[in-house]
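Hi,

Here is the structure I said I'd send over. Have a look at it first, and then read on for what turned up.

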Amino acid sequence: MHRRSFITATATAALSAAAPALATSRVGSSDIERLETKFAALIASDHRHGGRVTIETHALALADEALTLQQLGTASQRIRCGLYACAAAFTSSAMWAAIDGRRFDTALRHFDRASSLATMSGDPTIQFRIWSHAGTLYRHIGRPADALATNDVARNLTIGRRDPMFASLGHARHAAIHAVTGNTGATQRAFGHAQDAFDRADPHTDRPLWLKAFYDQAEIDSLALSAYLSLGNYEQAEAHAHRSLAVLRPHMHRSRAITTTRLAQAQLGQGDLEPAVATAMSVPADTATRHVRVAGMLHSFTTKLHATAPNSPAARAWDQYAHDTRRNPA
C-alpha cells in the first residue's frame with residue numbers, strides 16, 4: 001500500500017471507530033453540576049459588572065455548550081431536561097445583560113429563544129425568571145400593557161403558588177409596572193402583597209441560585225424606590241433608597257450604584273441640591289462611566305439639575321466633577 005493511501009485509510013478507520021464512541025458517550029449529573037458552577041460564576045460577574053456585552057456573549061456561549069451536550073450521546077430524560085434548563089438559564093442571563101445594557105432589540109431576541117428552551121426544560125423556576133425578565137424588559141421600553149401581561153405569565157406559574165418568595169418577586173415587579181402607568185393605588189397594593197409574601201417565605205427553603213443571589217428586602221425597597229420615582233413621590237422614594245442601601249449585600253456592586261443614583265434623583269426631586277450632588281458623586285467612577293444604565297441615569301440627573309438650578313454652586317460643582325470623571329475614568 002502506498003504511504004498516502006495508508007495514511008488516508010488509517011485516518012478513516014480512526015474516525016469510524018471514534019464516531020460510535022462519541023454517539024454512545026453518557027451525559028450525566030456531573031455535566032449538569034459543571035454547568036451550574038459556571039452559571040454561579042456568571043451570576044457573580046453580572047452583579048459586579050452588569051450590562052456588558054462580554055457577559056452577554058459568554059452567557060450565550062455557555063448556552064450553546066449545554067445544548068451541544070444534548071448531541072453528544074445518551075442521557076436520561078431528567079438529564080436532558082436539566083440541560084435545557086441550563087441552556088435557558090444562560091440565555092436568560094444574556095437577555096438580562098442586554099436589558100441592563102439597554103440593548104433592547106437584542107434582549108427581545110434572547111427572550112424568544114430563552115422561553116422556548118425553558119418550555120422544553122419543564123422547569124417552572126427558570127420559566128418564571130424568563131417571563132419576569134420580559135416584564136421588566138417591556139417596562140423599560142415603554143410597553144406597560146405587555147409588561148403586565150408577561151409578568152402575569154410568571155405570576156401564574158405553579159411555583160408562585162407553592163413558594164411565597166416567587167410570589168413576592170412577582171408582586172414587586174408588578175408594582176413597578178403599575179407605577180409607570182401612574183396608578184398609585186395599584187402600586188401600593190402590589191407592594192403590600194410583595195412584602196406580605198416575603199415575610200411569609202421560609203428563608204431556608206432550597207431555591208435557585210439566581211433568585212437567592214439577588215432577591216431580598218433590599219431588592220423590594222429598590223423596586224419601590226424606582227416605582228415612587230416614577231410616581232413623582234420623591235420623599236417616599238428616598239426613604240426606600242435608604243432602606244435598600246442599609247441592607248444591600250456587599251457583592252451587589254451594580255445594584256448599589258443604581259440605588260445610589262436613584263437616591264440622588266429623589267433628593268434632587270425634593271430640591272435638596274447639595275445632598276443630591278454629593279450622593280451622585282459617591283457613585284463609583286468606573287460604574288458611572290462604563291455601565292450604560294447608570295451612565296444614562298446620571299445623564300438624566302444632570303439634565304434635571306440644570307433645569308432646576310442651572311447657575312447654582314451645586315450644578316457647577318457637579319459639572320466640574322462629571323468633566324473630570326469623563327477625562328480620567330477609574
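Before the first finding, one term: a cavity here is a set of grid points where a 1.4 Å probe fits but cannot get out, and its lining residues have an atom within 4 Å of a point. Keep in mind that this is a predicted model.

The space in the largest cavity is about 400 Å³. Its lining is made up of 26 residues, and those nearest the centre are Trp96, Arg173, Phe214, Glu219 and Arg254. By type, the lining has 10 nonpolar, eight polar and eight charged residues. If you want to find it by helix, α2 (29-48), α6 (124-140), α12 (217-230) and α14 (253-269) each give at least two residues to that lining.

Two of those helices also meet each other. The axes of α12 and α14 come within 10 Å, crossing at roughly 35°, and the crossing is left-handed. On the α12 side the contact uses Ser222, Leu225, Ser226 and Leu229, while α14 brings Thr259, Arg262, Gln265 and Ala266. That makes three nonpolar residues, four polar and one charged.

Is His240 buried or exposed? Its relative accessible area is 11%, so His240 counts as buried, because the cut-off for buried is under 20%. Leaving out residues up to four places away in sequence, His240 touches Asp221, Ala224, Leu225 and Tyr228.

Cheers

Note on methods
Residues are numbered from 1 along each chain as its sequence is written. This is a predicted model: local features need pLDDT of at least 70, side-chain atom pairs count only at pLDDT 80 or more; totals for chains, interfaces and linings use all residues. Side-chain values use heavy atoms; hydrogens and water are left out. On a 1 Å grid over the protein atoms alone, a cavity is a set of points where a 1.4 Å probe fits but cannot get out, and a pocket is an open set with protein on both sides within 12 Å along at least five of seven lines; lining residues have an atom within 4 Å of a point. Grid points are joined across faces, edges and corners, and a volume is the space filled by probe spheres set on the points. Helices (H or I, at least four residues) and strands (E, at least two) are DSSP runs, numbered from the N terminus. Ala, Val, Leu, Ile, Met, Phe, Trp, Tyr, Cys and Pro count as nonpolar, Asp, Glu, Lys and Arg as charged, and the others, Gly among them, as polar. Axes are lines fitted to C-alpha atoms, for helices over the stretch in contact, and angles run from 0 to 180 degrees between N-to-C directions. A crossing is left-handed if the near helix is turned anticlockwise from the far one by less than a right angle, and right-handed if clockwise. Contact means heavy atoms within 4.5 Å. Buried means under 20% relative accessible area, exposed over 50%, partly exposed in between (1.4 Å probe, protein chains only).
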